[in-house]
Amino acid sequence: MNNHDASPLLLVEHVSKSFGGVQALRDGSFDLNRGEVLAIVGGNGAGKSTLIKVVAGAHVPDGGRIVIKGREVLRSEHSVSHMQARGIEVVYQDLALVPNMTAPYNLFLGRIPKKWGIFVDERAMREKTRDVLAKLNVTTVQDLSQPISSMSGGQQQSIAIGRAIAWGSDIVILDEPTAALGPNETAEVERLVEDVRDQHGTSFILISHNLDQVRRLADRILVTHHGVTSREFKRDEITSDRLVKAITLGE
Amino acid sequence: MTDTSAALPLLTPKRAELLRDYVPFIAIALVILLFWAISGDRFMSMRNWTFIAQQTPVLMLLAFAQLMIVTTGSIDISIGSSLAFSSFLGALGMLWFGDAGLIVGIFAGGLVGMTNGLIISLLKIPSFVTTLAVLIIVRAVVIIVSDGTAIYITDDSVSGGTNISSVAAPWLLSMGKFPAIFILAAIVALFMWAFYEKTVFGQQLRAVGGNEKVLRLVGINVTTFKIKVFAAAGLMVGLAACVNLARAGAATPQAGLMIELDAIAAVALGGTPLTGGYGSVVKTIIGALTLTIVRNGLTIAGVPPSWSQVALGVLLIAAIAISLNRSKVDVVK
């Protein structure tokens, strides 16, 4: 991006979405710049989950527009695979990995390299996996032949984030990335996010209920309330008190 | 094996895990030693092992079909009926088109499998219920179409009765005997191993059994994949039906009755959890072989058939109870 001031990496304007008469999202608007961590916070049912699913391509919005790198996403092309092709990946909280498969398989999920048309190119997978783990500075994953269910939660989440960035995504959406992890593993994942942002210029959208984490990681914090992205704060200008008020009262 | 009888500390969790991995191999070794001890040379003879080598292939191929499906977390109990249907159509194909018509039998199996897959994926009916219904329907269709009579494979053309359908195919009959049947089974096993362990399709079987939702999220079309799985397993059943036709020398409406249970038992004896996600071709072969040996050994030892069924059931429970890692099982359904 040579003209990074001109247009943001991602622009979301007045996006709305209803499910059978229930308006889950009334007006979702935000922008995201390269190398930025944007946190989205809000109570249950505030619309943050719907908002990121629209951005991820899983839901087609009823109205509004999404512009990625200056090009608008057309309604007809709005899909998960299209958003992936445009550089947006999601790390879902608990649905991100196949537990009985190895780390390389999970990293390559949906993109398994083939040999002679039908066979798995295992060597290519192992090499690329080592590359990605080295890039992420993840040293704890050694045995690549074990199913990931035998790994710690932090290691598993590293693989999931690794998958999101391994394929050159510019934007990674993290949906409650540490909700199921202990304090040490949470710190491990937070370090990973910061490393990736600093080294590769990747942008993150972070959904989290952990307000301390949000204040540690995010450059900007977006508050959703009753289906509207109502307030936005810079990291420096926010206290926990104000954040809680914004989330619960929308002010 | 000395581990278990020696002092307990020798059986660390790591070793228990390793031991569990080898249960199918230990089981088959024990079974062979047991029957050798009971029946001596009557069991451990070239003649008897030739017989076992002829008996195992059909069950092994059916177990392969079941393995593909079980790995994805589904089950197919219609394969016995599908076997009868396929071998009948294979025989009919030979009546109509000559020797090459046997291939109709393989495709008939594929058709039944694909039908299962379509009903399960598109109507979203669980595989157990779907294949139960197909089991009933297909068996009835075989009886209707065959009018209750068999088609025989003969050494030379029979001039005899007008009601008797027969096909002269000495080559097929010799395919059903040792060593041809054994060589054919070995070749199919080799292909199955490469297919299941090394291909993208084979890995995807495990992944679907592990977490189907994730695969959908990353954009893999699990619905069409499952239809393909059932169709591929069906083709394997069709192949088993042709081997069975060669082995039995006739396509009868009763062929393969209850054999789906043997196929499931062989897969389970091979250490494959019926909940999906894991499996092994080599261990499935061992499972099919174990089942055949036990049945054969009990017969030689003079155990009445009903009691030998009881023994097989007990063996199945024992093998799974030992090989199952209970600490990894949170819900038993």
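What percentage of the 333 residues of chain B count as buried? In this predicted model, the share of chain B that counts as buried is 45% of its 333 residues.

**Fold of chain B**
- The secondary structure of chain B is made up of 14 helices and three strands.
- With a radius of gyration of 21 Å, close to the 20 Å that the globule rule gives for 333 residues, chain B is as compact as a globular protein of that length.
- Among the contacts in chain B with a separation of 6 or more, 74% are accounted for by residues 24 or more positions apart.

**Annotated spans in chain B**
- According to an unreviewed UniProt entry, the annotation "transmembrane region" covers several stretches of chain B, including residues 21-39, 103-125, 178-196 and 306-324.
- In the model, residues 21-39 of chain B are 95% helix and 0% strand, and the end C-alpha atoms of this span lie 29 Å apart.
- Residues 178-196 of chain B are 89% helix and 0% strand, with their end C-alpha atoms 26 Å apart.

**Contact between chains A and B**
- The contact takes 18 residues from chain A and 17 residues from chain B.
- On the side of chain A that touches chain B, the elements giving two or more residues are helix H2 (80-85) and strand E8 (119-120) of chain A.
- By class, that side of chain A has 14 nonpolar, three polar and one charged residues.

How values were computed
Residues are numbered from 1 along each chain as its sequence is written. Chains are lettered from A and ligands numbered from 1 in the order in which they are written. This is a predicted model: local features need pLDDT of at least 70, side-chain atom pairs count only at pLDDT 80 or more; totals for chains, interfaces and linings use all residues. Helices (H or I, at least four residues) and strands (E, at least two) are DSSP runs, numbered from the N terminus. The radius of gyration is taken over C-alpha atoms; the globule rule is 2.2 Å times the number of residues to the power 0.38. A residue is buried if 20 or more other C-beta atoms lie within 10 Å of its own, exposed if 12 or fewer, and partly exposed in between; C-beta atoms are placed from the backbone. Two residues are in contact if their C-beta atoms, placed from the backbone, lie within 7 Å. Ala, Val, Leu, Ile, Met, Phe, Trp, Tyr, Cys and Pro count as nonpolar, Asp, Glu, Lys and Arg as charged, and the others, Gly among them, as polar. UniProt positions are given in the numbering used here, feature names are shortened, and annotations may be inferred rather than shown by experiment.
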